[in-house]
Structure formats: C-alpha cells, structure tokens
Amino acid sequence: MSGLRLRRVLSSFSEMKFLFIDHMDHALLSDSVRSWAHPDVVLQLGRRITSKRISQFLEFCSPSSYILVDKFPCRHDPSHIVTHRVQSTIIEFTHILQKIQFPRKAGRWSTYLNKLNAAVAQEIAFQIYSKCFLTEPYVAHVIGEVLNEDTSLFIGNSMVIRDIDMYGKGWLSSMSYDYKTVSNLDGEFQGFRVAGNRGASGIDGVLSTAVGFAVGCNKHVLCLIGDVSFLHDTNGLAILNERVKRKPLTVVVINNHGGGIFSLLPIAERANPDVLNKFFYTCHNISIERLCTAHSVKHFLVRTMSELQNALSKSQQEQYDRVIEVESNIVENANFHRIQLCAPLTSSLLNGEMKRFFHEGFILRIYLDNNIVGLGEVAPIEIHAEDLLDVEEQLRFLAHKLVGSNISFIPLLRGSFSEWIWRSLAIPASSIFPSVKCGLEMAILNTLAMNEASSFFDVISGYRSSSVEPQLDADGNDGPKQIEICALIDHSGSPKEIADVVFQLVDEGFNTIKLKVARRKNPFEDVEVIRVIRQVVGYKVNIRVDANRKWTYEEALQFGSCVKYFNLQFIEEPVNREMDILKFCDESGLPVALDETIDNLKGDLFHGLEKFAHPGIVAIVIKPSVIGGFENAATVAKWAQLHKKIAIVSSAFESSVSLSAYIQFAYYLERQNAAVCKIEGRELNAAMAHGLGTYHWLKEDVTSSGIDICMSSDRYRLVASVEKAQNFLKLVQINKANIQKSYSEEQTSAYQTEVDGEFFSCSFKFLKAGQNINNRTVVFLHGFLGTSEEWIPIIRSISASVHCISIDLPGHGESKFQSLVDKSSKQRLDLSVESVANILLKLISGITSGKVILVGYSMGARIALNMALKYKEKVIGAVIISGSPGLRNGTTKRIRVAQDEAKANFLVEHGLQCFLDLWYTGILWRSLRGHPNFNHIKSSRSRHKDIQGLANVLSSLSVGKQLSLWDDLKHLQTPLLFIVGEKDTKFREIAQQMCSEIKSCSVADHHRQRKLFDTIVVPDCGHAVHLENPLCVINAVRKFVERWEQK
C-alpha cells in the first residue's frame, strides 16, 4: 500500500511542489463542493479507485478527458468514462513526464482544493480532540505521530483501515491541534512503508502476516488490527515468541467487542438488536489480556487518550513485543462516525441615574483594490489584558503589513485565519492581542462580504443569503432570522429600586435579564434582591446572575442554597477559584455558566476545555474580543454545543459596528447548534438570549445611527434582526464628531551624512520617523547583513509616541566607510566594535540633541551594549536583542577569529549569494528557515553592493576580536532590557549569564542593580526575534521607553 497517506512533511514552508488531497472523500459530502469541483481532465494512475464516493463523483462529472495509466491491458472502466488508455508502469510513465517541460504555477483550482482539504482536516481534528474520551478515530489520528524512519505500519481490515484512511495524520506538528500545520500539507515529504493482508474473509491470518512482515522489512512494526481479526489469528501470538531475528512488533488491538463496521451500515437501523449482536456484530467477552498472558506476550490496556500516548511512546523506546488493547464501544464509535460523516460545512443604572462611560477604541478600515471597504472595531476595556496604547502599536504595525496582502480566499473559522496571518503577515497569530485579532477578523470578514455583495453571516457560514434555510424554532417550525437580546444590570441600589429597573426593562421588551451580584456585603443581600425581583416581575422572565468570580466557595454556596427555588437560568462564574467550579456544581445542583474562565484559557483550547464537560455547566459565555476573535469563539462554541451546552455571544460595550457582526455570529452559532442537535438526534431547546444588551449603556455611537433593536413579531421579547444587522454595514456612516484622529501609515524619511571617526570615516545612511516632541529618541542598530530598512515595521508602530532613527551600519546598505592610515606606522587602521561605537556616538550626537535609547540586534546589540556601558551621558538605556558582551576565554576567541576570517575570505572569493546559502545553513537560523518570509529576508540580504566592506566588517567586528564587557556589567548604571527568542538556546543562556554577572555586584548596590535590567523570552521564535515575532519586540521596546520616561 502507498505510504503517502501517512507521509511526513520535511520542509514546512517550502514552495508548494505537491498537492495532497487527503480528505476528498469527506469533502464530497458537501453539496456545494460537488457542485463546483468539476474537473476537466482526470489522470488516474493504477487500475481502480477504492473510494465509492469519489468514483461516483467522477462518473457524475464525466470529464472531457479521462486518462488511465496501467501496466495491464485489461479494461477497468465500469462507468465507461475513460477516454484514453496508456499501458505503462507508473515509473515508466513518470520518467516520460519528467522529460517534458510543463509551466509550474499554482492555479485557482489548486488553491481551492488545498484550502478545502485544510478546512476538512481542521474539522476532523476538531471533532476528534473535542471529545474527552478515547475514540477509534483518535487512535487512527495519532498513530502516525510515532512513525519514524525505523518504523513500518501494518494495517488490518474492516474499520481499522477505513479509519486510517479517513482520520490518519502523518505530517509533523508541534502540537496535537496546530492550525498552522493542519493547513500546511504541501512541501517536501517522506512516505512510510505501509502493508496489509486481505486474508480469508478479510480477517484470517492478519497477525501472522504482520509478524512475517516485521521479519522481512527489518524494522520496528506497528500493527493496527480489530478485535475480531485478532481473535481469528491468535496463533500469531505463538509466532511472536519464536526466536526469529527481527525488531519488536507492537500490536494495537481496537477492541469494541464485535464487528463494529456493521453498526455503520443501513442494516443497523432496520434489524432487531438481538439479530445484530448475534449474526453481524458477533459480540464476545473474550479476554485479550489472558490470551496474551497464555502466550507470554506483554499486554497493556488503555482507556484514555493519555494512556494511549504513553503506551505508544514506550513501544518505540523499549525493545520487546507487546499488545496494546484499546477499549472501545460499538455504539459510541458508530455515533462518532455518523457525526463526522454528516457534519455540515461549515442597560445599567446606578442610584437611579445612567452610568456615563467614556469608551475609546479604533475603527479599522480595510480597502481592496476595487475600493471595497470593510470595517472592524478594536475597543479594549478593563477586562482586556491589553490597553489602548498596546492596541494602537499593533494596529500601526498591521496597517503596514496588510498593504498588498491577498485576502480573496480564506476558508473561514477553521483555523485558517491564524494560518493566513502566519503565511501572509509573517507573524504568529498568538502574538496579536485578542481585541486586535477580533477587530482584524471582523474587518476582513466584512470586506469579503462587501466584495461578494453578501453579508458577514453568509461569509462565515459558507452560504449565500438566498440559499440559507429559514431558522427553526424549538418546535421545528420556520422562524424569522433573529436573535434574542439579554439586558444587563449593575446596580447598587435597594432591592426595590433594582426590581423597578427590571420592571422597566421588561416593559421595554427584554425577556431575559442578567444581574451583577457579589457586590454587596454578603450573599444574603443579593438573595433578597432576587426575591424582590421575582415578586415584581414573576417567573416568566428569565433571570441570570453574574458573580464575576468574586465569591469564595463558601459564599457561593450560601447564595446557591437560598436561590434554589427562584428559577435562575444560571449563575455565571460563582467562585473565585477555578478549582472550585465543579465542586460548586456538584454541591449546589444549580446550573453554572463560564465566562472569565474561558477568557483565561491559553494554548491548546481543547486541553483547557475538557475539564469543563461537567453537565452542571450549562452555558459558555463568549466575548469574541476577549477570547481572540471569531475563529477562537467558533471553536469554543462548537465544543460547547457538542457537549450539550449553550454558547452565548456577549459584547464588551462595543459600538454598533461590532454589534452588527456579533448578531450575525450569534445567529450562525444557533444554526450550527440546530445542525448538531439534528445530527445527534436530540431535541433542540429554545434559543437563549445573547449578552448584547450593552448597547443600552451607550449614550452615543461611533456610527451616525445605531443598530436597530426591536420587539419580536409576537410582542413578547426584544430581538435583533439578522437582516437589519446585515444591511447596517452596507449603509453605515461613521460619526465624524466622535473621531479623535485618523491614521493611515507612518512615513519614514531617508538621509545621508558624512562622519569622521578616530580610525575611519563613513558616509551614513539613516532613516527617521516620528516627531521629537518630548526629546525622546530611539536608535535602532541592525545585525550583520541587515540594513536600516528591516526596522521599518517596528519603527512605524511606535513612532507616534517616540522619535525613531534607524542606521545602516558601516559596510551595510548605503553606508560606506573608508579606513584611515596611522601616520606613524603608515598602516591602515582596522574597524572594531569600539571604533564603530565611537563614530556612531558622533553621528547620533549630530542628528539629535537629546539623550537616546538604543535597540540593537545581534552585532548591533554588541555595539549597543558597548555604547550603553561607556557613553552614559548620551545613552540612557539599551534593548539588547540576541546580544553578547563578548568572549572571555582566550582560546575560544582565537578560534572564533579564525572562523570569521575564513567566512570573510569565502565571501570575497565566492560572492554574496553563495555566502548567504552557506551562512543560513547554521543552527542559529533553524527557526528563521521555517519562517514564511525567510526567502524574502534572505533575498533582501543579497542587495549589498560593497562585498569587500561586508567582509571587512565580518572579520574586524568578530566577537573574537571584541573587548570583553563581562566585567563592565558588574558596574552597570544604564538600564538594559535583554530580549531573546524561546528557541535560541545559546543566547538565552548568555542573557541569563549577563543577568547573573550584574547581580554579582557588591551587596550595597544589589537593590539598585535589580532595577536596572530585565529579560524577556519571546515565544515562537529563534535568534532573529525582531523578524520572527516582531509584535512582542514592539511592545517590549515601547514599555521600556515608557519606564525610562516615568523615572
């Protein structure tokens, strides 16, 4: 069998050479895919397509040219659609094709298919990892993770081989659920040797054949087999003990106690269960463990995902045969497969007066080439980790990076936004603040909607408005496209005053009210408020309460014991410790909703969510701007719905721009929930009101006319119309009176000036941006092979508040230097880190009168550190990115000098391009080589014209020739910030050593020294931190400058 299905990608970000479509069988379940995916030409290698669905699809399409390549002359064309036959082996055929020159270009077809495959792969991963228990598809999904060059796979028949084909994953990923890797199925690859044996009736002799296969291939073999096949060849266990020279065999037995494949066939719905069990499932209670014991074979029983992972990992480390039994269940397995195969594509008063909010934020406009405009909103408040300055710097950066990017096709809300951000903007999505990512997604979705003359809902759901089915209500009847709105009350008045406010809101049309609690002296006062509200408005109005994690477990229980009969819809975040949530559910028996707990989830969402599958948690409140956008919100909502919980969309006091998107998103989630309920065969409950009533708190809106919230047709509840929300942004006008300032893109200006130093003179090119209003200047120094221009994205992000200068260092870019001659010896004076620092001081003093903060990277960091330690009158701080204070050991210095001089000679003799190819093979650049912009970065390094000057800099500024600064660190007086990449082990250790050196100062200076330095380890990057993860560097530099200003 082909090993391509479980291939391993070797080059994560190379240009696409092969397009693998692993999940076409799943994709063809979609009517929309079948309607547009009509190939004109089909080239079939081999005699038969095993997938029934793909065969039927090709027959239906009836392509104009259908070419069949097979070494046998026999006719294999049951559908009579083959137009050309080539009798040849596949190897002969491909050799002929290689001699023909074909133009290589990625067409729209390949783009669509690649993105479609990525979307299906993500949906499969979602379904698998959202389950808290071990499933058979999970086994198939993770089995590829243990494969390596010394491992082969032997697959049994029936459901085992089908699961591997549908759910198998062999490509590399850094996490079990990684959006970037899910959608990256191109690049160099390595197949694995995969074998199988049909056997008699599909089950006999499979285990024995696997043993023989292990002997023949001389590799560690992993055999995946079903329980019925295993039991029909238990003699194979005896063969395992024969002393034949071979590597260990690991047998993974999927034990669902019968023939599970029949549960997926139509017979399972029609036949009597007793007949199914006896004649089809052939259910058994045979102990596989005892069989293994009888044959002296190691046996391991696994019931959880972690137990399976551990067992598989140990099987690769330990050198003996074993049987890993995976406990499964026919019914649960059938339900999972059916869900997979049927899955759809995708108001507040305070003391009687209105609270007055001054809420600032940003409106993001994205313009397409055809003048289409999409709006997004970024407006963080105190519940966000980021503030307005944090947000502004990222928006300035994105404004620069978005120019020229392509957003014409994104399979939405399936991990593709994160992948698009990484591929197109070249930044990790995790580095973008949640509110910024939400606003960016909103703007892009609205832009796509405007460009397609559709709506936000149409784009995220994959449908056009005209084709959307009407919403079904709880009784299964057609209903209007609308969502119910919940009002919010945060009131410190008396119970009677609060009850009167509730009465007013009910009179306005609100049928669901959320009340903030845990603001009073004790929980019993909140109980009294609830009691009076029920007296005033009765029990037809839904009441929710939100404690915002302010109660202790004991206080929450006191409240819960007193409100059991007040019919609360749920208590949101009742306790202040996450570990007490489930305990409260069990003890109180009251329904609970999560909000801040979800907001605080980091990393793998599924890992964080799985512990909250408890049935006592009935709702998940999702704030898209806090959780990191619609992509993350959709993931959490889908998990909630699969675990029979309600997903409630909540706003964070945004304007009508955001509310229009939230209304459509909430409606999308309700439709998705209806689909999940239909698939699982459970009743659809009445939709819950969404937390979008904060519009009631805002006196003004950023738009000229706010979004319309109105009474439902039954005059019973206040609702938001999806259609009105869709039309809102088509006609929206921003209220210019509420706009404080506008920003497009910060411009940089280039300058050239001559400076004479003590040892050489230099014509410097430098860039300037921002106004020197507060006499604050930040000077950026690049590394070897860099230029001033590589800092432009960072400069434009912070130049609104500080004056920025970026310099081409001597021998780089357009800065040319000329060495002077020593008058006494008549010899040319070489460059050095110290002489470059000296001439830079003259340059900086000449172009700015105030004091400066230096930001240096690598070679530039060594120069910046030298200046910070020696020129304290001018340099008041320095950010050292992947920098070093030099070498201390004499032998190490001499070796490094020899290495750098050899590299300099290679540069002169072989040219810059060959040098770059060699330079970037180093281990220091391993992370950068995986960056989507690597080729562009490498290309920009090839523009240097003064090759001899570069070689002189490489040799003369060698860290081996630099004077060591280690002892100087002990007398540090200038604040330093060390920034290193998480994956850059070498420079992380150097940064730690520098900090230790500073701490080793005298006891009297110890407290002062602690305030002078700090270290930031930036995630998801290596040595070139400012290129690989620039947003973290931007934030760190800006806050470092602010701290200096405050001092």
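Four bridges join strand β3 (residues 65–70) to β4, and the two strands run parallel. Within this pairing, Val69 has Val86 of β4 as its bridge partner. The model described here is a predicted one. Both strands belong to an open sheet of three strands with parallel pairing, in the order β2-β3-β4. Its edges are formed by β2 (41–45) and β4 (84–87), each of which pairs on one side only. From one strand to the next, the twist averages 15 degrees.

Of its 1047 residues, 55% count as buried. The protein exposes about 47000 Å², and carbon and sulfur atoms supply 51% of that area.

How do the side chains divide between the two directions along β8? His220, Leu222, Leu224 and Gly226 point one way, while Val221, Cys223 and Ile225 point the other way, and all are buried. In general, the side chains of a regular strand alternate between the two faces of the sheet. Two partners of β8 can be described in turn. Strand β5 (residues 151–155) pairs with β8 in the parallel sense over five bridges, and here Ile155 stands opposite Leu224. Strand β9 (residues 249–255) also runs parallel to β8, joined to it by six bridges.

Which residues of α24 are buried? They are Ile581, Phe584, Cys585 and Ser588. These residues lie on the same side of α24, because they cover an arc of only 100 degrees around the axis. The face turned away from that buried side carries the exposed residues Asp586 and Glu587. Cover for the buried residues of α24 comes from both helices and strands, including α23 (553–562), α25 (596–599), β22 (568–572), β23 (592–594) and β24 (617–622). The helix is followed by Gly589, whose phi is positive, near 75 degrees.

Asn371 is not a glycine, yet has a positive phi of about 70 degrees. Asn371 sits in the loop between β14 (362–367) and β15 (373–378). Is Asn371 buried or exposed? With a relative accessibility of 65%, over the 50% cut-off, Asn371 counts as exposed. Asp1020, likewise a residue other than glycine, has a positive phi near 60 degrees. The loop that holds Asp1020 lies between β36 (1013–1018) and α42 (1025–1028). Asp1020 counts as partly exposed, because its relative accessibility is 30%.

How many disulfides does the structure hold? The number is zero. Cys292 counts as buried, because its relative accessibility is 0%. Cys677 is buried as well, with a relative accessible area of 3%. Cys223 is among the buried residues of β8, and Cys585 is one of the buried residues of α24.

Definitions and conventions:
Residues numbered from 1 in each chain as written. Predicted model: local features only at pLDDT ≥ 70, side-chain atom pairs only at ≥ 80, totals over all residues. Heavy atoms only, no water. Disulfide = S-S within 2.5 Å. Buried < 20%, exposed > 50% of the residue type's maximum accessible area, 1.4 Å probe, protein only. Arc of directions from axis to C-beta. Contact = heavy atoms within 4.5 Å. Pairing = 2+ DSSP bridges. Axes fitted to C-alpha atoms, helices over the stretch in contact; angles between N-to-C directions. Areas by Shrake-Rupley, 256 points an atom, 1.4 Å probe, with all protein chains shown as cover.
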